[in-house]
Amino acid sequence: MNPLLMALVLIAGLAVFCRTMVRKIQLLKALGPADRANHLKERLKSMVILAIGQKRLVGRAKERSAGVMHALIFWGFCVLLIRSLTLYGEGFVEGFQLPFLGGDYLGGYLYIALKDIMEGIVLLMVLYAIFRRAVLKPKRMHNTFEAYLVLVMIGILMVSDLLYDGARYNLIQLYDNPGNIHFFNNPQYGSEFIWTPISVGAAALISGLSMEAITTILVIMFWLHICTQLVFLNVLPLGKHFHVITALPNVFLKSLGYPHEKPKLLDLEDETAWEEESLGINHIHQLNWKQGLDLYTCTECGRCKEVCPTYTTDKPLNLHEFNDKLKLELLENSDNVIKKAKLSSTILNSEDPEQIEKIKEAAAALNSKNRLIGEVISEETLWACTTCRACEEVCPVTIEHVPRIIAMRQGQTLISESYPKELNPALKGLERNGNPWGIGYDKRADWADGLDVKIMADDSDVDYLLWVGCAGSFDDRSKKVTVSLTNILKKAGVSFAILGVEEKCTGDFARRVGNEMLFQMMAEENIATLNNYKVKKIITACPHCLNALAHDYSQMGGNYEVIHHTDFIDQLVREGKITLKQSLEGGLTYHDPCYLGRYNKIYEQPRSILRSVSQGGLKELGRYGSESFCCGAGGGRMWMEETIGKRINLERSEEIVGLRVPNVAVACPFCLTMIEDGMKELGREESIRTMDIAELVEKNMA
Amino acid sequence: MAKVLVIADIKQGVLKSSTAELLSKAKAIGAETAVLAIGNHVKPLISELVNAGSDTQYIADDPGLELFSAGPYASCVVDAAKQSSADLIWFGFSESGKAVAPRVAAQLGAACATEITDIAFSGDQVQVTRPAIANKVMQRVNINAEQLVAVVRAGAFEATEGITGTENIVTLSAPEPDLKAVIKELVSDASGEIDLADADVVISVGRGAKDQDGVDMVRELANDLSAGFGSSRAMVDGGFMAHNKQVGQTGKIVAPSLYIAIGISGAIQHIAGMSGSKVILAVNKDPEAPIFNVADYGIVGDLFEVVPILREEINKVRS
Amino acid sequence: MKILTTIKKVVDVELTINVENGVIVEEGLQYVMNAWDENAVEAAVQLKENNNAETTMVSIGGGEDNTKIIRRGFAMGIENGIQIDDPVLADADSFVYANVLKKVFEKGDYDLVISGKQAQDTDDGQTGIILAESLGIPCVSNVISIEVVDDNHINVSRLGDAGTEILELALPAVVTVSDSINEPRLPQMRGLMLAKKKKIDVMDLTALGTSHDDVGGTAPKSAIVEFMKSKTRKAGQKFEGDAADITAKVVDLLASEAKVI
C-alpha cells in the first residue's frame, strides 16, 4: 500500500506499546521474588489446557454459552494473528505472503478459509457479547465503558477486514482488477474467493457501488483495520483487557502441585523485616512479581464473586474489586517502586557502609505510604474470607486470591497488631493448652478412656499415627466421630496409635488468621514430637489438620505422608479389610469440605464409600465437588462471629434441606458443627441427620 | 466458750438468710452469739436479729451508713469485735463482706479466711475448710492467730428451726466517713425482683428458650414458685436477660435448695455458678447435654412442652 | 503517675488437679499468670497509654515460671519488672505477701497499686486490701473501671451488692480489679521480642531491706495442713419419653424423695 505510511504507523504504534510494556515489566521486576521458573513441561501442559483450551470457561456447565463465546473470540484472535502479519506485510509490499501460507500452498488456502469463518464467528460472538452485557446483564458482570469499547473495536476489526476482502473481491470480479490486486489463484485450488464465502457475502453488500467508491472503501478499510489494531494493542495494557496479553503467562506461571502459593514462612527474628515492616504484606511494594502479574490479569469477569460464600451472604468481600483496588494502588506507586528497586540494586556495587546506609534510607523513603489495610482495603473485607478457594477454582486466568489475603493478615497481626480481638480466647487456648477451646491439655485423651487405644508414649512401633485433632479430642459431637473411626481401624486390624496428651493443635487456624508466631510455635512442638516417634504415616479425620501436616509442616522440616480417613477407609474397602453393607435408608447427600476437596483434591473416595452404604444412592447438591459451598468455618472464622449479612452455614444448610434427603454426610469436624447447627436453627435436626463418613461406615459395616 | 460475732447481711432494709444461717452454726458449736447490723434505719430489724439467734445486738444505725463504704463499715466491725471480745467474726458471702473482712483482720491482727465451708475445733486449735483452685480442691487450714475473721460460703451453714436469742442492744457510735474514698453515686440494680443469691429456689433459662416469648414463659414458672429468676450467659449476651441475672463463674454463684435449669446445655462456667445447689433439675432437648452430668433429675424433652406441665404438676403438689 | 501492678504465678486452672496424701500432685501441672492479674496489667497499660504514667510490676517468687509471667507482663506493655525471689517466702500467706509488697511500695513511692481481686490458686482475695490497710491508704475492690481525674485523684466503679458504686479515690490508693474491667491483650510478637531484652530487677528480702521475721513470715496466722479433691456432682436420674409422664414423675420425686417442694 504505502510503505512509508505503514512504517510510520507501525513504528508509532509499536513504540508506544513497547514503552508501556517495558514499564509494566519493570514494575513486575521491581517487586519481590517468586519461585516459578521450574517444571516447564508441566506448566506448558496446564497453560495449554486452561488458557489455550479455555477449560474453565468451556468446561464449566454454568454459563457454558458465555464460555464458548469467549473461547471462540480467543481462538479467533489466535488464528487472525497470522492474518495481521500478512496485512502489515501488504502495507510494505504488494502481495506479501508468509512462508508456506502463500497462494501456492494448500496451507495458504486452508488458512484463508479458516480465517474467513473465524472472522464471521468472532463478529457474531462480539454481537452476542454486547447483547449479554447490555440486555441480559448477568449479575456478576461489571459493565464499563472500556468493556464496550473493546468489544466494539473487535467488531470493527472483523468488519473492516471482511469489507477489505469484500472490496478486493468486487474490484477483481466486477471491475476486472484494474489495480492489479494480488489474489490467490492456483490452478489446483482455484480462486481464493471460493474458499472465503463470508468475505464474498460482505462483497455483495457493497457491490452496488462505483469502482472509485469501492477502491476508497478498500483503502479505508485497510488502514482502519491496521490503525484499530494498533490502537487496540495499546488500549490493552490500560485496563482489564491486559489479560489478553498476560493471561497465558499468568496461567503458565501458576502454582503447581499445591493449588496456590503457600503462606510464606516468616523469619520472625529478622530485625530488618520488622524495621521495614515487611513481614506479611502491609504496603503494595511488598507484593511479589507473580502477585503483581495477578493484579494485571484480572478480567473482571466476576465469577469469583458468584461462588464466594462470603460475598453471596452479603459480606463486604468483593474479590475483583479487591484486585482492582490493589492494582490501582500498585500503578499509582509504580514510579517509586521502580526507582526503589533500581536504587536498592546499587547497594551491591557499594562497599562503603555509610553509603549503603544512605542508599537504604533513600530507598525506604520511596516505600509506598499507604497501609493496605485501612487505606486501600477495609478491615472487614480482609477478615471476612473463609479461605475456601472457590474463587481460585473458577478463575479463568488462575489468579491466586487467597495467599495475598493470608499475607495481609500476617502483616496485620504482626506489624499492625490489629486483628479481630474476638480471636484472642482461641489463640490463648492454643498457646496455653494446645487447643482453641483452652481446655486443659491433660484431658486431650479422655475420649479414649476405656477404649483400648494405643498411645505412642507406651508403644510407638505402629504403622500409622492417628492424628485426632482438637475437635476430635475435645468437642463432644466430634469425639463420637473419633470413636467411630477407631472402631473401624480396629475392625480392619490396622496397627495405629495416638499421641494422646502430647498432641497439640496443628496451628492451622492460627496460620490462616496470619498469626505466624503461634503457628510456628505449634508446628515446632508437634514436629519435635512426631519426629521423636519417627512417625511417617498419619491418618486424620480433619481436613484442616491434613492440610497443615501435609503441606504447611514441610516448610518447617516436618515431612509426613498424611491420609484423610475417607481415603484410608476407601483403601480398606478395596483391600477387603472391611466390607460395607448398603443398609442406609432414605438417600444421602455429601457436603465436600473445602480443605479436603479444593485444597487436597479428594472428591471420589468419600463418594465411593457413600454409594456403597446408601440404599437410596447419592444425590448431589447443586454446588458440589470442586464447586462445593463452604460451611463458613475456615480461615479462622469458626472462632469469630458473623455479624454482617446472612450466616454462611445457614445458606448451605438451606441448600441441603432443599435437596430433600434425610441424611447429609460430612468429612470434617468444622463442617459437622456448622451444618448440624444450621439444621438446628432451621428446625430440621430431626428430619435430616448430619453424620461424618466414619459414623456412617461404622453403622453400615459388615 | 467461743464468742462469735456475726455481721448481718442487709440489703434494702431486708435481712438476708445468711445471718440466720451463721447464727445457727454459732449456736450449734456452743458459742456465745452476737450480731452486728450496719446501715440506715436498721433498728426495725432488731427483733428479727434476736429471733435469728443472737444474744447481743450491736447496732450501727446512721444516715452516713446508708451506702456501703468499706472503711466506715470496717470501723463498726472492729468496734463491735472489741466490745464483744469476739474470737470468731463471720460475714455472709457478699461483696461487702469480702471487701471488709480483710480490713478487719488487718486492724485486729487476726487471721482471715475467705469462703469457708466448715469450721472445726480440736481443743484450742481452730481449723477451717475452704475451696481453692477454682473449687477443684478443698483446703484444711489451721488458724494460729487468736482471732479469725471469715467470710462464709453461701449455703455452707444451715439455719436451725426454733432457734432463739436474747435481746441485748448495744448502740455503736457512727464512724467517721472515709474522706479518701468518697462515694459519688450508686447505680442501683435493684429491680424489685427476687435476689438470686438469697432465693431458696432458683430457675434459670438458657438458649433453648430461643427468644423473649420463651423467656417470659419460663419466668411464669419462677413466679409460681416465688423463685429467683436467673440466666445462662447466652441469654444475657442475647439481650434477653439483664447482666446481674447471669448465673456462672463470672456472674452470680448461687446455692439454693432447688435449682431448675431450663434449656441450658451446661457449659462448665455455668455449672461453676450453681453446683453448690442442693438439688438440681434440668430440662433439655438434647439427651447428651452436659447439664445432665450434674443434675439430680433430668427431663429430656422440649421445654415448650415440659414447662407448662411442670407448672401444672407443681401446682398440684403445693395445693 | 507511678503505677505498681502485682502479678502472681498460679497453676493453670483448666488442668485437672490431683491430690495424693493431702498434697497436690505437681506432675503435669503448668503455671500461668493469674487471670485477674492479667486484667490488672491491662488496666495499668491502658492507663499508661492514655495518661502520663509509668508502670511497674512486681512478682513474689522464683523459678522459670515466675520469670515467664514477668516477661509476659513486659510483652503486654509494662515498663519495669521487680521480682522478689527468696525461698523463705515459698509458703507465704496473704498477710506475708502484703507485708512484702508494702516494702516494695515504700521503696518505689508509687501513686497507685492495681491488683487482681483474687488469685486463682488460693481464691483468698485479701492481699490487696491488707496492703492498703497496712499502708493506711484507701482501697476499693472488685473494680470495673478506672478513670484519672488529676494527679491526685481517680474515679473508680465497683460492682457492689446493691449495684454499681462510683467512688472518687485520693491517691495513693490500692485498687483490686474484677475480670469485667477489660479484655487483657494477647502479647504479640513485637512485645515478646522486646520483653526478652528487658532486665528484671531481682531482689531477695535482704536486698529489699527487710527480713522474713519483719514480714511476719516466721509466725504466720494460718497454715494449710491438707488438700482434698473436691467432690464433683454425679449425674442423677435422667428421664426420656412422654413429656407428661416423665414430668409428673419428676415432680413427684422432687416432692417425695428430694423434698424440695
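Which elements of chain A cover the buried residues of helix α2(A)? Among the elements that do so are α3 (55–58), α4 and α9 of chain A. The structure is a predicted model, in which local features need pLDDT of at least 70, side-chain atom pairs count only at pLDDT 80 or more, and totals for chains, interfaces and linings use all residues. Residues are numbered from 1 along each chain as its sequence is written, chains are lettered from A and ligands numbered from 1 in the order in which they are written, and side-chain values use heavy atoms, with hydrogens and water left out.

Along the principal axes, the C-alpha trace of chain A spans about 100 × 75 × 45 Å. Of the 702 residues in chain A, 58% are buried, where buried means under 20% relative accessible area, exposed over 50%, and partly exposed in between (1.4 Å probe, protein chains only). A contact means heavy atoms within 4.5 Å. Among contacts in chain A between residues at least 6 apart in sequence, 80% join residues at least 24 apart. Chain A exposes about 28,900 Å², with 58% supplied by carbon and sulfur atoms; such areas come from the Shrake-Rupley method with a 1.4 Å probe, and for residues only the protein chains shown count as cover.

Back at helix α2 (residues 40–52) of chain A, the buried residues are Arg43(A), Ser46(A), Met47(A), Leu50(A) and Ala51(A). This helix is followed by Gln54(A), whose phi is positive, near 55°. Helix α11 (residues 289–297) of chain A is mostly covered, with 8 of its 9 residues buried. Among these buried residues are Leu293(A), Leu295(A) and Tyr296(A), and also Lys290(A) and Asp294(A). Their cover includes α1 (3–30), α9 (243–252), α14 (319–332) and α20 (401–416) of chain A. At the N-terminal end, Asn288(A) caps α11(A), with a side-chain oxygen 3.0 Å from the backbone nitrogen of Lys290(A).

Aromatic rings come next. Rings of Phe, Tyr and Trp (its six-membered ring) pair if their centres lie within 6.5 Å; planes under 30 degrees apart count as stacked, over 60 as edge-to-face and the rest as tilted. The count over all chains comes to 19 aromatic pairs. One of them is tilted, because the rings of Phe77(A) and Phe232(A) have planes at 40°, with centres 5.7 Å apart. This pair links distant parts of the chain, 155 residues apart: Phe77(A) lies in helix α4 (residues 64–92) and Phe232(A) in helix α8 (residues 211–235) of chain A. With a relative accessible area of 24%, Phe77(A) is partly exposed, whereas Phe232(A) is buried at 5%. Elsewhere, ring pairs link Trp437(A), Phe509(A), Trp639(A) and Phe670(A) into a cluster.

Asp508(A), in helix α24 (residues 508–512) of chain A, is buried at 5% relative accessibility. Leaving aside residues up to four places away in sequence, Asp508(A) touches His544(A), Ala548(A) and Tyr595(A). Lys358(A), in helix α16 (residues 353–365) of chain A, is exposed at 61% relative accessibility.

Most residues other than glycine have a negative phi, and most peptide bonds are trans. Asp176(A) has a positive phi near 65° and sits in the loop between α6 (145–173) and β1 (185–186) of chain A, where this residue is exposed at 67% relative accessibility. Ser85(B) has a positive phi of about 55°; its place is the loop between α3 (70–84) and β6 (88–91) of chain B, and Ser85(B) is partly exposed, at 44%. In chain C, a cis peptide bond joins Leu171(C) and Pro172(C), with omega about 0°. Pro172(C) belongs to the loop between β11 (163–170) and β12 (173–177) of chain C.

Chain C itself has 7 helices and 15 strands. Its C-alpha atoms fill a box of roughly 70 × 45 × 40 Å along the principal axes, and 55% of its 261 residues are buried.

How values were computed:
Helix = DSSP H or I, 4+ residues; strand = E, 2+ residues; numbered from the N terminus. Polar contact = N/O pair within 3.5 Å; in protein donor to acceptor, adjacent residues only side chain to side chain.
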